[in-house]
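Some notes on this model follow, as numbered points. Please read them with the structure open.

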Amino acid sequence: MGKATNFLYLSEPDCIAAGVLDAARCVDVSQETFELLATGDYLMGGPNHNSHGMGVVFPKSSSFPNMPVAGPDRRFVAMPGYLGGRFDVCGNKWYGSNHANTAKGLPRSVLTLMLNDKDTGEPLALMSANLLSSARTGAVPGVASRHLARTDSRTVAILGCGPINRACLRGIASQLPQLEKVYCYDLFEEAATGFAKWASNEFGVEAVAELDLQTAVGTADIVSVAASRVKPLVVENSWFTAGATILISGPISPDDAFWTENRVVLDHVPLHEAYVEEAVASPDKQAAYNGIIGGPLYRLIDDEVLPPLAEFADLGSVIRGTVPGRVSDDERIVFIACGMSVFDLSWGYEIYRTALEKGVGTELNLWESPHTD
């Protein structure tokens, strides 16, 4: 007789009940994750153990009538990993993305997370992951704000007024007790106005829609970038104020001085090395760079304008004190975050454990005894 296996299913409302929207708590858990990254107690996909994930790339055309073809932001991606420390869990975030989803009343991406026992492979939990993923995406710049931003930061500029930057502002605001004003920039005025109204209600601060990009960033202590790829976000280094912290969670097209004259801190150096390794192995390295947030930085490194990635600081090293954080109030710091499955695992595990404690979710049975024929 074999062993019965049950696992917990958590819907989106279940995840909310378990605290998935608690931004301050997510920032704390994400800081733990950065510390584990810095010590090496983790694994992600690929032979380098640092791959962002493995995606299904759709062809431009197909002779098979039902095969999906390429479209705006259309892909499937699996993001497996293991995270040690108190989490000690394996898992995989799986998502499908299609820009056409929004016309069907769906989010652009639909995500789920599976947590598994590291030894047996049995499922521990299957959960809705849209809110979980956006929360951890927002928590990462929250951790960066804690360690890299000026302690007297009072103003934030939001570049890209979508759901990701809502999560980013939640994470950032949790670290800014003196937050006074939010500038909201978007290609679409309606999006900027709606975001400003939401931010004012959410945080009780002044929030304004600013349709001129240079004005939006010109006086901001912290700038959060999470714009889409609809149109390149072109900025000049001279637009940013001295001492600004620019938190990049989405694509940006700055001038070279933005990279060469500011201090650049990465989320995790080995992740970016894996991105470059995979781009070099691809049929078109430059095209691969175009799809990566750090692509403009990698090109300058390839051209020997900047030092190799191994010489850059990352946030885990800052947290552990092996490299300095901010060294002066006038220092301008650029932080790049590209997304890692281990953050989904840590926040997912935290939500799973809380759900167990609160009796939230639905227990499902995989088998009473595995079939052996």
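1. Two strands pair if DSSP finds at least two bridges between them. Helices (H or I, at least four residues) and strands (E, at least two) are DSSP runs, numbered from the N terminus. With that in place, L266 has D314 as its bridge partner in β16. The pairing of β15 and β16 is parallel, over 2 bridges.

2. A word on provenance. This is a predicted model, in which local features need pLDDT of at least 70 and side-chain atom pairs count only at pLDDT 80 or more, while totals for chains, interfaces and linings use all residues. Residues are numbered from 1 along each chain as its sequence is written, and side-chain values use heavy atoms, with hydrogens and water left out.

3. The sheet. It is open, has 8 strands and pairs in parallel. The order is β10-β9-β8-β11-β13-β17-β15-β16. β10 and β16 are the edge strands, as each pairs on one side only.

4. What does β17 (residues 333–336) pair with? One partner is β13, in the parallel sense over 4 bridges. Another is β15, also parallel and also with 4 bridges. In β17, F335 is the bridge partner of L247. F335 is also the bridge partner of V265.

5. Strand β15 (residues 263–266) is covered on both faces. R263 and V265 are buried on one side, V264 and L266 on the other. Buried means under 20% relative accessible area, exposed over 50%, and partly exposed in between (1.4 Å probe, protein chains only). In a regular strand the side chains alternate between the two faces of the sheet.

6. At the β10 end, strand β9 (residues 181–185) and strand β10 (residues 206–209) run parallel, joined by 4 bridges. Y183 has V208 as its bridge partner in β10. β9, helix α5 (residues 189–203) and β10 form a right-handed β-α-β unit. Right-handed here means that, with the strands pointing away from the viewer, the path from the first strand over the helix to the second runs clockwise.

7. Is S249 buried or exposed? S249 counts as buried because its relative accessibility is 16%. S249 sits in the loop between β13 (245–248) and β14 (253–254). Leaving out residues up to four places away in sequence, S249 touches P141, C168, V225, A226, I293 and A337. Contact means heavy atoms within 4.5 Å.

8. T5 is in strand β1 (residues 5–10). T5 counts as buried, at 2% relative accessibility. Beyond neighbours within four places in sequence, T5 has contacts that include E122, L364 and W367.

9. D303 lies in the loop between α10 and β16 (313–314). D303 is exposed, because its relative accessible area is 56%. D303 and A207 are 96 residues apart in sequence, and their C-alpha atoms are 41 Å apart.

10. The second largest pocket holds about 220 Å³ of space. Its lining has 14 residues, with R229, P251, I252, S253 and N290 nearest the centre. α9 (285–290) and α10 (295–302) are the elements that give two or more residues to this lining. By class, the lining has 8 nonpolar, 3 polar and 3 charged residues. A pocket is an open set of points on a 1 Å grid over the protein atoms alone, where a 1.4 Å probe fits, with protein on both sides within 12 Å along at least five of seven lines; lining residues have an atom within 4 Å of a point. The volume is the space filled by probe spheres set on the points, with grid points joined across faces, edges and corners. Ala, Val, Leu, Ile, Met, Phe, Trp, Tyr, Cys and Pro count as nonpolar, Asp, Glu, Lys and Arg as charged, and the others, Gly among them, as polar.
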